[in-house]
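Subject: Structure for your review

Dear colleague,

Please find below the sequence and structure that I am handing over to you. My notes on the charged side chains follow.

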Amino acid sequence: MEVGKSNIFKVLDGTIQFIIPVYQRAYSWNIENCAQLWRDIVAMQTMNRTGHFVGSIVNIAEQTMPTGVQKYMIIDGQQRLTTLTLLLLALRDYAANHPDDCNMPQSKFMKCLKNVDEADEDQYKIIPTKKDRDVLFRLIEGHPFDDLGPSKLIANYQFFLEKIAEKVLTPEVISKVFNLEGRKNAAEGSS
């Protein structure tokens, strides 16, 4: 097992996929968990801190691939990884719907969300539990989700959209959390 500090961009970079095993619980973070993460991000950015420890992401390589998608089974950290993905999706969608507010190409977001040269499920960076799969995939693809009923994924995605729209931080400043510009200022975790 290797342990080291990393940022979320590095965790999601490359042709990789994180699989949430069937024995893991479904996504369970509520609005208060997301509100705490948001407060931490705001504090980190307003105080000009260079990183924030969001917790560990423990994974095991499922198979070693010389080419194609390198797959990892998530042992711990799926709630944090999924929540950061929801924040990234909200930031992507806000940027797409408010081009005058922020100039951030969709390609920067897609690198953290999808393996763009892959097909079927291999194209997604995160494969959640079956219960959450359709919701997360629809959010990633930008497809309607109104017919899906209540979902913590949708509620938390919408929470982040609202927070971004409040403009306490600009979308560009928020994007630094994901190191989309290649800067050192990013949320840190262990992998």
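Arg-138 is buried in this predicted model, with a relative accessible area of 19%. Because the cut-off for buried is under 20%, Arg-138 falls within that class at its 19%. The side chain of Arg-138 forms a salt bridge with that of Asp-147, at 2.5 Å from N to O. Asp-147, by contrast, is exposed, its relative accessible area being 59%. Asp-134 also belongs here: salt bridges with shared partners connect Asp-134, Arg-138 and Asp-147 in one network.

In total, the structure contains nine salt bridges. One of them pairs Asp-122 with Lys-71 through their side chains, with an N to O distance of 2.7 Å. This pair links distant parts of the chain, as the two residues lie 51 residues apart. Lys-71 is located in strand E5 (residues 70–76), whereas Asp-122 sits in the loop between helix H4 (106–113) and strand E6 (126–127). Lys-71 counts as buried at 15% relative accessibility, while Asp-122 is partly exposed at 26%.

A further salt bridge joins the side chains of Arg-80 and Asp-76, at 3.5 Å from N to O. Asp-76 is partly exposed, and its relative accessible area is 36%.

With kind regards

Technical notes: Residues are numbered from 1 along each chain as its sequence is written. This is a predicted model: local features need pLDDT of at least 70, side-chain atom pairs count only at pLDDT 80 or more; totals for chains, interfaces and linings use all residues. Side-chain values use heavy atoms; hydrogens and water are left out. A salt bridge is a side-chain nitrogen of Lys or Arg within 4 Å of a carboxyl oxygen of Asp or Glu. Helices (H or I, at least four residues) and strands (E, at least two) are DSSP runs, numbered from the N terminus. Buried means under 20% relative accessible area, exposed over 50%, partly exposed in between (1.4 Å probe, protein chains only).
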